[in-house]
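Please look at the sequence and the model before reading on.

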Amino acid sequence: MLNRSEVARLRRKETSAQTDRTWNYLCTAGGETQATDDFTCKDRVTCQALLGQGICESDITFDGLAGLHQSIVFCTKNTNHAKFIPVNKFTPEHLPKEYRDKDVYDCVERLITLGVILKVGYTSENRPPGYPFSDVAGSDIMKHHRMGSGSVFIPKHRPKGSCCPCQRCRDSPQPSQTWHFIWVSTALHVVFDDLEASQTEVGWQFNDITCRESITWMQGIRLVNFDLKSDRCILECVTHDTDIQDSIHRARSFLRKKERELNEKYLQGTSNGQPGLAVIISHPHGYPKQVSLGTDIRRNHIKDKCPGVEWTEYVYDAPTCRGSSGALVWLLGQMRVGYRDGEITTHTHRGSCGDTTNMSGFGLDWVTQHTSSDGSESTCNLASLHVS
Ligand SMILES: [Zn+2]
Ligand SMILES: [Zn+2]
């Protein structure tokens, strides 16, 4: 770890250098942990791939989770990460006054439980030309991992099959008799297809740097659903740990009961032009889970889905960094369709707008007030949810 004066010296050097500061940042984040006089890029191809992802905010680790803390020191988007709240330190006082409500706090606590980190060990050749990381598709980016964030839920209708599909069980003469499917909503640019899904690990409760070595990783199996335009996918993974499944069940049940009530409570304010609360739980730079709070600055109508339901995207000022891609964007005071088993409905974090604001992928909102939380009032066929 660099000491304070070394960091200050490197920052001065970055400021005075006539070279690309982002490039320096990447090289530094990429493992240049020695305070040397010149920045030497250790992996130009990977750095270029990271820069080439455009607005998207996935990250790459060169050194497992251990190497990533350096990137916060050099983060130029959110200096010192001062606006991120470590999940262990989150209190009701962090909420803006108008949303300082026990129910809101309790919902954010459940969202924290459901937030996960994704470590992707392969980049598929199926990524179309020009798509993020397509330049390194099929190459041995395996020595590094792409990092993103996501949010978990339990599938309602998933036949279990006769044995656990994880690699360990498939290779074992005594496969585990207990296993559970967990589904993860994330961004498509984080996990693009089944090839990438099978090389993805999903980390549960990485809440503190000290628990880095003891995180439970769940193995990715396949993509259940995806949509290119909305930049969303649902990744299926598997765990042997019944406690994880129970925790997810409890958190989702709580949100199901409270979310609608809270959205209706705050809907009037947002209908009158008051900005809604935006909450994002993510792993910036693969760092332990952080809470980001802000407001939804703009809601863009993309297109009507069907009577009563529309595709939208949101712009918000809740802070995000590389590594936040795929995190659930929770918006209070908006009538979102919410989770629908295997369907693409929720808004997940997509990337940076290039200023101080950030944007989601597409998700579904109710256009009008609905009376049923399961959408039965709408005539929309929610079984077919691709944007195009
Ligand atoms: Zn950062
Ligand atoms: Zn297994």
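The sections below cover a metal site, aromatic pairs and charges over rings.

The model is predicted.

For four tetrahedral donors, the ideal angle at a metal is 109.5 degrees. Residues under 20% relative accessible area count as buried. C164, at 0% relative accessibility, is therefore buried, and C166 is buried at 6%.

## Aromatic pairs

The count of aromatic pairs is 4. Y99 and Y266 have ring centres 4.8 Å apart and planes at 45°, so this pair is tilted. Y99 is in the loop between β2 (85-86) and α5 (102-114), while Y266 belongs to helix α8 (residues 242-271); the pair therefore ties together parts 167 residues apart in sequence.

Are the two tyrosines of this pair buried or exposed? Y99 is buried, with 1% relative accessibility. Y266 is buried as well, with a relative accessible area of 11%.

## Charges over rings

R110 lies over the face of F254, 3.9 Å from the centre of the ring. R146 has its charged end over the ring of F133, at 5.3 Å from the ring centre.

Terms used:
Residues are numbered from 1 along each chain as its sequence is written. Chains are lettered from A and ligands numbered from 1 in the order in which they are written. This is a predicted model: local features need pLDDT of at least 70, side-chain atom pairs count only at pLDDT 80 or more; totals for chains, interfaces and linings use all residues. Side-chain values use heavy atoms; hydrogens and water are left out. Rings of Phe, Tyr and Trp (its six-membered ring) pair if their centres lie within 6.5 Å; planes under 30 degrees apart count as stacked, over 60 as edge-to-face and the rest as tilted. Helices (H or I, at least four residues) and strands (E, at least two) are DSSP runs, numbered from the N terminus. Buried means under 20% relative accessible area, exposed over 50%, partly exposed in between (1.4 Å probe, protein chains only). A charge sits over a ring if NZ of Lys or CZ of Arg is within 6 Å of the ring centre and within 35 degrees of the ring normal.
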